[in-house]
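Welcome! Take a moment to look over the structure below, and then we will walk through its parts together.

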Amino acid sequence: MIIKEEAIVLKSINYSNSSQIMSLYTKHHGKISMLAKGSRNKSAKQFAGTFEPTIHVEIVYREKDVNVLAIVREFEIIDYFYGIRSSLKYMYNAFYLLDFVNECTTSHDPNQGLFQLLHTSLKYLSLGANAEKTRFFFQIKAFILLGVMPILTECCACTKPLVGSYVFFIPKESGIVCRRCKANTESAFLQISMQTLRTLQNLEVMPWTGLKKINLSQRIVNELNMFFRFYLHSFLYKELRTFKLIGNSYE
Ligand SMILES: [Zn+2]
């Protein structure tokens with residue numbers, strides 16, 4: 001079957017002297033691994049450049065069977081996101097988003113909303129948006145799209161309103177619990193401040209245009225980094241490889 005569609009390159013590795021194997025997030029078929037024969041060979045006319053992570057392409061590929069590596073026939077670059085390449089900070093944050101999508105999705109499981117979210121996030125980074133805010137916004141919206149959004153609006157054990165200066169995030173319960181309920185559980189937890197919880201609640205409901213209005217103190221940034229790290233670890237059973245790139249960076 002020959003398929004033509006848009007995709008974002010999540011990862012690419014060189015294969016033999018002239019080819020590449022990559023993981024792409026396609027608009028209509030989700031994550032797909034593909035082989036681009038001769039893509040590193042400059043005279044290969046069917047390829048307008050090599051596949052680099054972050055680029056947005058229109059791709060034509062042949063897929064015999066979902067269990068066999070798809071073969072790229074041709075591709076064209078739609079957006080190179082040049083702005084991302086202007087600083088290491090943007091590159092690291094973009095790599096983190098790609099890593100997130102690559103690790104949190106399974107092959108051939110389409111999610112057009114996630115494709116759109118990734119595309120818009122890369123566009124924002126490319127246009128010079130605040131990298132921290134973009135990364136936090138992306139992750140919360142991705143959790144919603146992937147159906148793993150934790151309950152943040154009330155205690156997920158007793159359903160009472162969350163009050164006080166601290167609350168406790170329990171990945172196993174997929175939500176926040178109050179102080180009283182926390183005392184009744186032995187599950188692993190992460191203590192976060194009420195301000196960080198409020199920021200998460202805002203991120204959950206706000207549109208892209210709301211990002212400019214949120215203020216992040218260094219403490220909130222640190223707690224949000226811990227929150228995402230802790231939660232992702234609870235279902236990936238590992239840390240995102242790119243966490244170390246962004247873990248200590250802030251604006
Ligand atoms: Zn409770």
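## Two domains

The chain splits into domain 1, residues 2-80, and domain 2, residues 90-246. Please keep in mind that you are looking at a predicted model. Taken over C-alpha atoms, the centres of the two domains are 30 Å apart. Where they touch, domain 1 gives 21 residues to the contact and domain 2 gives 20 residues.

## How much surface is buried

The size of an interface is often given as the accessible area lost when the parts come together. Here, domain 1 and domain 2 bury about 1,800 Å² between them, and 62% of that area is on carbon and sulfur atoms.

Which three residues supply more than any other three of the area that domain 1 buries against domain 2? They are Tyr25, Lys27 and Lys31, which together account for 38% of it.

## Polar links across the interface

Turning to the polar side of the interface, 7 residue pairs are in polar contact across domain 1 and domain 2, with both residues of each pair at pLDDT 80 or more. On the side of domain 1 that touches domain 2, the elements giving two or more residues are strand S1 (2-15), strand S2 (19-26) and strand S3 (30-36). The largest share comes from S1, with 6 residues. Sorted by class, this side of domain 1 has 8 nonpolar, 7 polar and 6 charged residues.

## A salt bridge between the domains

Side chains of opposite charge can pair when their charged atoms come close.

Which residue forms a salt bridge with Asp79? The partner is Lys123, and the closest N and O atoms of the two are 2.8 Å apart. Asp79 lies in strand S5 (residues 70-79) and Lys123 in helix H2 (residues 112-126), so this pair ties together parts that are 44 residues apart in sequence.

## Aromatic pairs

Rings can pair up too: a search of the whole structure finds 17 aromatic pairs. One to look for is Phe169 with Phe230, whose ring centres are 6.4 Å apart. Why is this pair edge-to-face? The planes of the two rings stand at 70°, and planes over 60 degrees apart count as edge-to-face.

Phe169 sits in strand S6 (residues 166-170) and Phe230 in helix H6 (residues 218-236), so the pair ties together parts that are 61 residues apart in sequence.

Notes:
Residues numbered from 1 in each chain as written. Heavy atoms only, no water. Domains from an automatic or database assignment. Contact = heavy atoms within 4.5 Å. Buried area = accessible area lost by both parts, 1.4 Å probe. Polar contact = N/O pair within 3.5 Å; in protein donor to acceptor, adjacent residues only side chain to side chain. Helix = DSSP H or I, 4+ residues; strand = E, 2+ residues; numbered from the N terminus. Nonpolar A, V, L, I, M, F, W, Y, C, P; charged D, E, K, R; others polar. Phe/Tyr/Trp six-rings, centres within 6.5 Å; stacked < 30°, edge-to-face > 60°. Salt bridge = Lys/Arg side-chain N within 4 Å of Asp/Glu carboxyl O.
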